[in-house]
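Trainee: Could you walk me through this structure, one chain at a time?
Mentor: Happy to! Let's look at it together.

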Amino acid sequence: MTMRNDYRSRNHPAWWAFLVHRLSGLALSLFLPFHFWALGQALQGEARLDTLLKWTELPLLKFTETMLVLLLAAHLTGGLRLLALEFLPWRGWQKSLLAWAAGAALAAGLAFALAL
Amino acid sequence: MSSAGQTYAAGSATAPGAKFEAWLWIAQRASAAVLALCVLVHLVTIIYAVRHGLTGAAILGRTQGNGAALAFYTLYVLAIAVHAPIGLRTLCQEWLGWRSASLNWVVAGIALALFAFGLRAGWAVFSA
Amino acid sequence: MNMLQVSVWRGGADGEYRNYEVPRQESQSVLDVVTYIQRSIDPTLSYRFACRVGMCGACAMTVNGVARWTCRTHVAKVVKGNAIQIAPLANLPVVKDLVTDMREFFDKWARARGQFAPQATRKDAFARVASDSPGRVAANAGIECIGCGVCYASCDVVSWNPDYLGPAALNRAWTLVNDVRDGARRERLAAVAGDAGCHACHTHLSCSERCPKNIAPTASIAGLKRAVALAAWKGEL
């Protein structure tokens, strides 16, 4: 048997970035069927789509939407960060990349929240 | 574990799943690169759409009979159907300990379902 | 006298932490603390060390939850209040107390084809490798590994997939992939592919974060990912 690591060994920025990437990917994957289903309702006409869109006025759904946009943006910028680390020459910029990724994702989430 | 180690240590064996995993990795990165562009367009569209009022008419006004939009969403859905299942597969292996061959079939099923369901959604807003 | 409260893992994997009081001293290393316990409190404490100067890689342990080389880790750097917790490295079978079984760790170096495969004979001239050639530069970045196992113990991919070759073995493979004198590139790329190979790495960067020699195994693994993918693309895998 081996000893297991706990949060103390994982408590550094890149590991948190990994967790955000994995959990956002999972959440987005779970959301996709609902998203596709909702758009598919257009097959039943514009009125049906409007009925669904009415639901998005609920505060809880607005919050959920904002979180989804934030997660999508975070998965995008986090993914670009990973592509940069894997494909570009290594230059000790891991922490700066992470800062940029987090900043850009937050900006996108904020842009959505303010546009609501 | 160590018994498997012995068999490798002796010579230069090809690791199990070498080609399969390499191609999955290539597919994951290639789809990621496509998705990077698609998601960027998607996010800009979302924010634009929300600013200009989210209604059925507004959405369908952009997509109805729009061949370019249909082509974009088809590519988008294809990239998603490649990208998401590969990520879920890794998650199942690492966090659920699900490593049997059945996982690959389930993941392939998820990929097909996402592709079909996504195409249906794209077609719906195009043809409505 | 200022005393350190030291909690040390005793026994095998099903052991427990036991507490010791150790006098605090100036410029004290964590290895000094462990040595004090064994020499002055409990001679049955097992641990491993050799050089005491950061060259041999024998003394790595988990200190306050983080894998470290204990001979060059100052108490002042890691102490919480006046408490320190010392455990054997994670991801490796515990033999007793602070000693882990490193066999699997080193077997994986062999499995990743970490052996140099010479092409030249004694009749050939010396290979001339320019110090600024890309291969030499890439190999240099990873060549100073002392095999302490800190990266391996810190790697969550190892925890989640015990067959994963791990940062040190893959880093070793990458230095050889960049060695122009080596003749086993193709076999090595095949050996580091697969579901326990380089593509399993998630760029957690824990290895690069914790490596006491400041090597970035993540960079080496990224190099392997590209090289293996290219080989697969060309049908050479």
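Mentor: Read along the sequence, chain A follows the pattern α-α-α-α-α. This is a predicted model, in which local features need pLDDT of at least 70, side-chain atom pairs count only at pLDDT 80 or more, and totals for chains, interfaces and linings use all residues. Residues are numbered from 1 along each chain as its sequence is written, while chains are lettered from A and ligands numbered from 1 in the order in which they are written.

Trainee: What percentage of the residues of chain A count as buried?
Mentor: A residue is buried if 20 or more other C-beta atoms lie within 10 Å of its own, exposed if 12 or fewer, and partly exposed in between, with C-beta atoms placed from the backbone. Of the 116 residues of chain A, the buried share is 29%.

Trainee: Which helix gives the largest share of the side of chain A that touches chain B?
Mentor: Contact here means that the C-beta atoms of two residues, placed from the backbone, lie within 7 Å. The contact takes 29 residues from chain A and 30 residues from chain B. Helices are DSSP runs (H or I, at least four residues), numbered from the N terminus, and on chain A's side H2 (13-40), H3 (46-55), H4 (59-87) and H5 (94-115) each supply at least two residues. The largest share, nine residues, comes from H2(A).

Trainee: How many helices does chain B have?
Mentor: From the N terminus on, the elements of chain B run α-α-α-α-α. Strands (E runs of at least two residues in DSSP) number zero in chain B, and the helices number five.

Trainee: What is the radius of gyration of chain B?
Mentor: The C-alpha atoms of chain B fill a box of roughly 65 × 25 × 25 Å, taken along the principal axes. A compact globule of 128 residues would have a value near 14 Å, but chain B has 20 Å.

Trainee: Which helix gives the most to the side of chain B that touches chain C?
Mentor: Here 20 residues of chain B are in contact with 27 residues of chain C. H1 (2-10) and H2 (18-51) of chain B each supply at least two residues of that side. With seven residues, the one that gives the most is H2(B).

Terms used: Rg over C-alpha atoms; globule rule 2.2 N^0.38 Å.
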